[in-house]
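Trainee: Could you take me through the surroundings of the ligand in this model, and then through the parts of the fold on either side of it?

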Amino acid sequence: MPPEMKPGRVRLVGAGPGAADLLTLRALRAVEAAEALLYDALVPEEILALAPAACLKIQTGKRAGRTSMAQPTINRLMLRLARRGLQVIRLKGGDPSIFGRVGEEAAFLQAHGIEIEVIPGVTAACAAAAQFGFPLTHRGEARRVVFTTARLEAGTLSADWATAADPEATLCVYMGGAAAGELARRLIAAGRPAVTPAAVVESAGRPEARRLFAGSLAGLAEARLAGEGGPVLIVVGEVAGLPAVQRLSGPRAVCA
Ligand SMILES: C[S@@+](CC[C@H](N)C(=O)[O-])C[C@H]1O[C@@H](n2cnc3c(N)ncnc32)[C@H](O)[C@@H]1O
């Protein structure tokens with residue numbers, strides 16, 4: 001790099017659950033100032049449209065089961081763009097610190113002398129809770145929240161089943177849509193009562209959000225989820241069975 005050229009900065013930004021009005025102001029300002037934008041597949045067009053027309057926009061993929069750019073390629077691309085002196089935005093769905101690989105990307109960039117900033121976002125679990133009217137913690141019933149993932153790999157589901165079976169924990173399961181039935185069966189086998197409430201929310205925080213399932217773990221074990229192809233979050237715990245908090249505004253919640 002020529003000595004007169006100062007390296008740019010990379011901001012690792014949470015885009016929220018997919019509605020532009022759930023971006024934080026700091027995230028919005030970062031996107032509006034972007035010179036290069038590397039974005040995940042869950043970031044919708046209405047948010048990408050907030051970047052300047054001259055901004056270089058690169059999709060990096062990252063939807064389960066679909067082709068994504070390999071992580072080392074993403075890392076090298078961010079580095080190269082920052083070394084060209086550009087203001088680089090790495091835009092991720094939800095919050096970058098929740099299943100967003102922010103730790104790996106930050107460590108890589110810092111190891112190469114690039115300044116970084118992390119800007120948080122609204123994670124899918126918070127968006128689902130707000131939209132469908134349940135809390136994630138509830139006095140006396142849900143003292144802990146566990147953000148976890150449930151992906152079937154070679155037909156098996158790995159998880160910390162002892163933590164998952166904790167009756168006072170609300171489980172927010174990311175990337176688990178395809179494994180919902182198996183997850184429910186495993187939770188019951190691990191000791192979580194079959195009557196424990198469970199909900200499955202698709203596209204939380206967006207106008208097209210739908211609750212694909214509301215019932216018990218036993219019901220989820222048998223359910224056939226008919227989604228529209230949007231991202232799916234599973235919530236297990238007493239909070240999912242509480243009467244919905246009255247919503248005054250915001251996107252309509254569609255319940256199956
Ligand atoms: C790689 S993880 C990223 C999570 C993201 N960093 C967050 O904080 O929401 C992707 C998974 O998050 C969940 N997810 C993301 N956005 C969602 C949304 N709007 N509604 C429901 N689930 C969502 C889905 O389980 C999806 O498979």
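Mentor: This is a predicted model, and I will begin with the ligand. The shell around the ligand counts 24 residues, and the closest are Gly94, Thr123, Ala124, Ala204 and Pro231. By type, the shell divides into 14 nonpolar, seven polar and three charged residues. Helix 5 (124-132) supplies at least two residues of this shell, and strand 12 likewise supplies at least two. Domain 1 (9-119) and domain 2 (124-255) both contribute to the shell, so the ligand lies between them.

The chain as a whole gives the setting. The protein chain has eight helices and 13 strands. Of its 256 residues, 40% count as buried. Among contacts in the protein chain with a separation of 6 or more, 70% are between residues 24 or more positions apart.

Strand 1 (residues 9-14) pairs with strand 4 (residues 88-92) in the parallel sense, over five bridges. In that pair, glycine 14 stands opposite lysine 92.

Strand 2 (residues 36-40) has five of its five residues buried, so the rest of the structure largely encloses it. Leucine 38 takes part on both sides: it stands opposite isoleucine 58 in strand 3 and opposite arginine 90 in strand 4.

Three bridges join strand 12 to strand 9, and the two run antiparallel. Here valine 236 of strand 12 has leucine 171 opposite. Strand 9 (residues 169-174) is mostly covered, with six of its six residues buried. Ala169, Leu171 and Val173 are buried on one side of strand 9, and Thr170, Cys172 and Tyr174 are buried on the other. Strand 9 also pairs with strand 6 (residues 144-149), in the parallel sense and over six bridges. Threonine 149 stands opposite tyrosine 174 in that pairing.

Arginine 192 is found in the loop between helix 7 (180-189) and strand 10 (197-202). Arginine 192 is buried, because 22 other C-beta atoms lie within 10 Å and the cut-off is 20 or more. Setting aside neighbours within four places in sequence, arginine 192 is in contact with Ala164, Ala165, Pro167, Leu187 and Leu217. Of these contacts, alanine 165 is 27 residues away from arginine 192 in sequence, yet the two are 4.8 Å apart in space, C-alpha to C-alpha.

Note on methods: Residues numbered from 1 in each chain as written. Predicted model: local features only at pLDDT ≥ 70, side-chain atom pairs only at ≥ 80, totals over all residues. Buried ≥ 20, exposed ≤ 12 C-beta atoms within 10 Å, placed from the backbone. Helix = DSSP H or I, 4+ residues; strand = E, 2+ residues; numbered from the N terminus. Pairing = 2+ DSSP bridges. Near = placed C-beta within 6 Å. Nonpolar A, V, L, I, M, F, W, Y, C, P; charged D, E, K, R; others polar. Domains from an automatic or database assignment. Contact = placed C-beta atoms within 7 Å.
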